[in-house]
Each structure stands twice: as structure tokens, then as C-alpha cells.
Amino acid sequence: MKQPKGRGKHVLYLDFDGVLHHEDVWRHPRRGLYFGPKGVGHTLFENAPLLEHLLTPYPNVHIVLSTSWVPSLRYSRAVSKLPPSLKARVVGATFHTRMNRNLFDCLTRAHQVLDDVDRRQPGAWVAVDDALGWPKESLPHFVACDPVAGIADPEVTRDLVAKLQLHFGRPAEGPGKAPTPKA
């Protein structure tokens with residue numbers, strides 16, 4: 001198997017549901033993607049502009065998709081749903097077609113990401129997800145999202161900014177500096 005992209009690089013592992021929009025997203029073969037009753041009033045990728053803004057001071061951060069959208073829709077369709085600036089950062093996914101889908105689905109999200117960290121060997125990494133159950137030793141790399149507000153929750157935004165700074169370095173002062181979320 002060839003070496004995955006992102007080896008030695010800064011990597012953000014990114015889930016979609018419960019991070020970039022409300023968690024209650026469903027997929028129907030004819031209807032496509034839609035929100036269930038709990039997600040009414042939300043829009044797909046409503047938090048993507050916030051993530052774009054938070055990553056602006058970190059141009060060397062690559063994205064690895066750690067979302068169920070990849071096994072369901074395929075990698076290229078999942079990537080295509082992102083806005084251009086985030087799409088340009090994507091270098092891979094925790095799931096790929098040479099994997100056993102049933103075995104992959106049996107793993108927790110944390111173990112899917114940690115297996116990819118072992119395989120990809122990024123220089124530094126942060127994972128953003130609404131799934132719980134992350135091993136204690138991985139918590140310094142993990143940003144836990146509110147499944148409804150995702151990264152737009154002010155506490156989550158603060159934690160994400162702090163983890164970006166901790167693992168990817170403090171951005172320079174001035175234009176492009178990482179925003180400090182308001183309380």
C-alpha cells in the first residue's frame with residue numbers, strides 16, 4: 001500500500017455531522033441528504049465559514065476526512081460538498097476503498113482516527129468530532145463538539161483555537177491572526 005498524503009504534515013481530522021452542521025443528517029437514495037426532525041432550521045455546512053476563518057492563519061494544515069459520508073457517498077462526493085478553500089486542504093480520509101468496510105464500521109471514531117494517525121504519521125494532528133469515547137492519551141488532540149451547534153458553540157470554538165495553537169503553533173500577530181472567540 002502506498003504512503004498516504006500528509007505524512008509529517010499538520011493534519012486536522014474532520015467529521016461533518018455534529019461539527020460543520022447539526023448531527024441529524026439523513027440520506028435517501030432519491031431525496032439525497034436532508035435533516036431529520038431535530039435538525040429542522042439548520043443548513044448543511046453552516047459552520048464551514050467559521051472553520052475556514054479559524055484555519056486561515058494555518059495555511060499548512062491539511063484535512064483528513066473522518067466522516068461517515070466517505071464510506072456512504074464515496075470520497076470524491078464527500079469532498080465535493082465542502083467549500084473550495086476547505087476542499088483544497090483535503091488530502092485523504094480515514095476510510096479508503098481497500099479497507100474492509102464492515103471491520104471499519106465496527107471501530108469507534110476515535111479508533112478510526114488513531115489507526116489513520118498510525119498509518120499516515122502526521123507531524124501534528126487535531127481531531128474535531130462530536131463522538132465521545134476517545135482514549136485518555138488522545139484527549140490533548142481532540143476537540144469535542146456539541147452535536148447541535150458543532151464548532152459554532154463558543155466553548156468548542158475556544159477549545160479548537162487552543163488546540164490549533166498548541167499543535168500547529170501560535171499564528172503571527174496582525175492580519176490573519178487566529179481569532180479569539182468571545183464568551
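**Reading the fold**

Guide: Gladly! Buried residues account for 47% of the 183 residues in the protein chain. Please keep in mind that this is a predicted model.

Visitor: What makes up the protein chain in terms of helices and strands?

Guide: The protein chain holds seven helices and seven strands. Followed along the sequence, they come in the order β-β-β-α-β-α-α-α-β-α-α-β-β-α.

Visitor: Why is the protein chain called as compact as a globular protein of that length?

Guide: The globule rule gives 16 Å for 183 residues, and the radius of gyration of the protein chain is 16 Å, close to that value, so the chain is as compact as a globular protein of that length. If you like to picture a box, the C-alpha atoms fill one of roughly 50 × 45 × 30 Å along the principal axes.

Visitor: Why is Gln112 counted as buried?

Guide: Buried means under 20% relative accessible area. Gln112 has 8% relative accessibility, so Gln112 counts as buried. You will find Gln112 in helix α6, which covers residues 109–120.

Visitor: Which residues is Gln112 in contact with, leaving aside its neighbours within four places in sequence?

Guide: Contact means heavy atoms within 4.5 Å. With those sequence neighbours left aside, Gln112 is in contact with Thr94, Phe104, Asp105 and Leu107. Gln112 and Leu55, by comparison, lie 57 residues apart in sequence, and their C-alpha atoms are 23 Å apart in space.

Visitor: What makes a set of residues a nonpolar core, and which members of the largest one touch the most other members?

Guide: The members must be buried residues of nonpolar kinds such as Leu, Val, Ile and Phe, joined through side-chain atoms within 4.5 Å. The largest such core has 38 residues, and those touching the most other members are Phe16, Leu20, Leu51, Leu65, Val128, Ile151 and Leu160. Elements giving two or more residues to this core include β1 (10–14), α1 (48–55), β6 (124–129) and α7 (154–168). The largest share, five residues, comes from α7.

Visitor: What is Leu20 in contact with, leaving aside its neighbours within four places in sequence?

Guide: Its partners include Leu14, Phe45, Ala48, Leu51, Leu82 and Ile151. There is also a second, separate core of twelve residues, with Ala110, Val113, Val117 and Phe142 among them.

Visitor: How many positive and negative side chains does the protein chain have?

Guide: The protein chain has 24 positive and 18 negative side chains, and the centres of the two sets are 9 Å apart.

Methods:
Residues are numbered from 1 along each chain as its sequence is written. This is a predicted model: local features need pLDDT of at least 70, side-chain atom pairs count only at pLDDT 80 or more; totals for chains, interfaces and linings use all residues. Side-chain values use heavy atoms; hydrogens and water are left out. Helices (H or I, at least four residues) and strands (E, at least two) are DSSP runs, numbered from the N terminus. The radius of gyration is taken over C-alpha atoms; the globule rule is 2.2 Å times the number of residues to the power 0.38. Buried means under 20% relative accessible area, exposed over 50%, partly exposed in between (1.4 Å probe, protein chains only). Lys and Arg count as positive and Asp and Glu as negative; His and the chain ends are not counted. The place of a charge is taken as NZ of Lys, CZ of Arg, CG of Asp or CD of Glu.
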